[in-house]
Structure formats: structure tokens, C-alpha cells
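Hello,

Here is the structure I said I would pass on. My notes on it follow below.

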Amino acid sequence: MGLESSVTKIEDLNESWPLSTDERRQGDDHLRNIKAALKSLLSDLNQIKIGPADLSGQAGKALVVNTAEDGFDELESFQTAADAASHAADASAHHTKYTDAEATAQAKAIVQDSPVDGVTDQPISSNWAYDHEADANVHHTPPAVFVDRGDPSSPDFTETDLTFDGAWHDLDLSSVVPAGAKAVLLRVKIRDDVANTTLRFRKNGNSNTLNVSVIMQHVAGQYNWEDLVVACDANRVIEYMSPSSLLNVFITVGGWWI
């Protein structure tokens, strides 16, 4: 008679039973045994924990990985026991982690990392990222912002600080204007006893006669005022020139663009 006497797990079932000669009245007993084995198996899935030692010699067998314990509601994956054992033995081989510096080095190792012909001020190219790294300012030049100096109580320069001989001379504004300034606002006041006398300013190093800012003595003996914008170099130096002497000159830095 082919009927298991006691079934508590799937291995207790005999796949050769029932026999074709068994009595039909035992069919319900076989069904109860199958239910008991399945219930036990499904219950155990939420309890199963597998370590590397449990996988020894299990290559080729299917492994069901249950992840309910990690907060998931469903079975996550299916893999062979051999794969799982290999992963457990050396997980770092499957999950390489890099620091920021290592990740950057890995990226540079597979792409060209030098500017195109050394040029850093051209539009985007295949090497743009490295051109950008070499000189980001050429790609992201912010608009100049005017900075009001405030309310100075006295001029920064007068006629005694200047040389009037018809030649261009340097005027160093670095004691007032901060590094990074692109241009300055000059508030200039002059007086002379000769009409049409001029005082001129330009960026240090410029040479063209049209690229200057000028204040003129329109009427002899009277004061003249002008606000002049003059570009400065990296050292905050500009140039000035007057063809002839002036009786009075007052130069005040009103602000700058940076």
C-alpha cells in the first residue's frame, strides 16, 4: 500500500506513490500529505537564511533569494547557488566603489584629456570638458557689476600728483580700486585760464587716439565737471595726458565694474 505514514516536509513525499493498485478511499490521504508538505515549504521561505558555507557543493541548483527581511514584499531574484557563493566570497569584484578622485581618474583614462591644440577659448568641442577645466572663465564670463565706492570726502588725486607735458603717464588706482576690476568711474573736475585745454584718460597700454575719455575746459577760468568711464588693466593702472598745464584738477574714483 503506497501511502506515507507521516509528512512534515517535501522530502517526506514518495514520488512513486500512489500505486495504480491502491484503493481510491486513500486519495484524500494523499492530498492531505501534499498540502502539509507545501504549507511547510512555503512557511519556511520567510525563515530561510543562507550563508557561504551552506552553498558548498551546491553548484547547478536553483536558489530562490527571499528579500522580505530587507523590506521587500516579493521574491527578488533567481540565481544558481554557485553564483551566490562566488558573490559572497568576493562581493567587491561585482561592486567596485570609487572615491571622487578615483572616479575622475577612471574617466580621464578612457578619454582625451588635453585641450584641442591647446586652445581654451573656442566653442564646445569633443574636448570641451577639458578645455573648460583648463579655463572655465572663457565659457562662463559673468556680466560686469558696478560697485559704488560710497561717499568719499576728498579727491584721490589733484594737479600736484600729475605731470603735464603732453606725454602719457601712468595713474595707479590700486590703493582705491580692488583686484578684479575691469573699469573705473572717474569724477573729474578741472579749471584753467585757457579755453579748450583737455585732460585725457585711457586704458594702460592702449595707443589709438580715438579710444580715450576726455574732459575739456570750455570757458577760461570756470570749473568743468565730467563723469568718465575708463578701462583699467589687471593692476588697476590707467594712463592720463594733458597737452598743457592745468590750474586745478580733482580726480575722485566714484566706483568700479568688477
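**Ser174 and its surroundings**

Leaving out neighbours up to four places away in sequence, Ser174 is in contact with Asn235 and Arg236, where contact means heavy atoms within 4.5 Å. The model is a predicted one: local features need pLDDT of at least 70, side-chain atom pairs count only at pLDDT 80 or more, and totals for chains, interfaces and linings use all residues. Residues are numbered from 1 along each chain as its sequence is written, and side-chain values use heavy atoms, with hydrogens and water left out.

Ser174 sits in the loop between β5 (169–172) and β6. Helices (H or I, at least four residues) and strands (E, at least two) are DSSP runs, numbered from the N terminus. The C-alpha atoms of Ser174 and Asn235 are 6.7 Å apart, although 61 residues separate the two in sequence. The side chain of Ser174 also makes a polar contact with that of Asp172, at 2.7 Å. A polar contact is a pair of N or O atoms within 3.5 Å; within protein, one must be able to donate a hydrogen and the other to accept it, and residues adjacent in sequence count only if both atoms are side-chain atoms. Ser174 counts as partly exposed because its relative accessibility is 31%. The classes are buried (under 20% relative accessible area), exposed (over 50%) and partly exposed (in between), with a 1.4 Å probe and protein chains only.

Arg236, one of the two contacts of Ser174, lies in the loop between β9 and β10. Arg236 is buried, at 15% relative accessibility. Its phi is positive, about 60 degrees, although Arg236 is not a glycine.

The loop between β6 (183–191) and β7 (198–203) holds Asp192. A salt bridge is a side-chain nitrogen of Lys or Arg within 4 Å of a carboxyl oxygen of Asp or Glu.

The side chain of Asp192 does reach backbone nitrogens: that of Val194 at 3.4 Å and that of Leu247 at 3.3 Å. Beyond four places in sequence, the residues that Asp192 touches include Thr197, Gln217, Gln222, Ser245 and Leu247.

Asn196 is in the loop between β6 and β7 as well. Its phi is near 70 degrees, a positive value in a residue other than glycine. Asn196 is exposed, with 53% relative accessibility.

**Strand pairing of β6**

β6 runs antiparallel to β9 (residues 224–231), with 8 bridges joining them. Leu185 stands opposite Val229 in this pairing. β6 is also antiparallel to β11 (residues 248–257), through 9 bridges, and here Ala183 stands opposite Trp257. Two strands count as paired if DSSP finds at least two bridges between them.

**Salt bridges**

How many salt bridges does a search of the whole structure find? It finds 3.

- Arg187 and Asp227 meet at 3.5 Å, N to O. Arg187 is in strand β6 and Asp227 in strand β9, so the pair ties together parts that are 40 residues apart in sequence. Arg187 is partly exposed, at 40% relative accessibility, and Asp227 is partly exposed at 47%.
- Arg202 and Glu239 have their closest N and O atoms 2.7 Å apart. Arg202 lies in strand β7 and Glu239 in strand β10 (residues 237–241), so this pair ties together parts 37 residues apart in sequence. Arg202 is buried, at 11% relative accessibility, and Glu239 is buried with a relative accessible area of 8%.
- Arg149 and Asp156 have their closest N and O atoms 2.7 Å apart. Arg149 counts as partly exposed, at 29% relative accessibility.

**The chain as a whole**

The protein chain has 4 helices and 11 strands. Of its 258 residues, 24% count as buried. Among contacts between residues at least 6 apart in sequence, 66% join residues at least 24 apart. The chain exposes about 17300 Å², and carbon and sulfur atoms supply 51% of that; accessible areas come from the Shrake-Rupley method with a 1.4 Å probe, and for residues only the protein chains shown count as cover.

Regards
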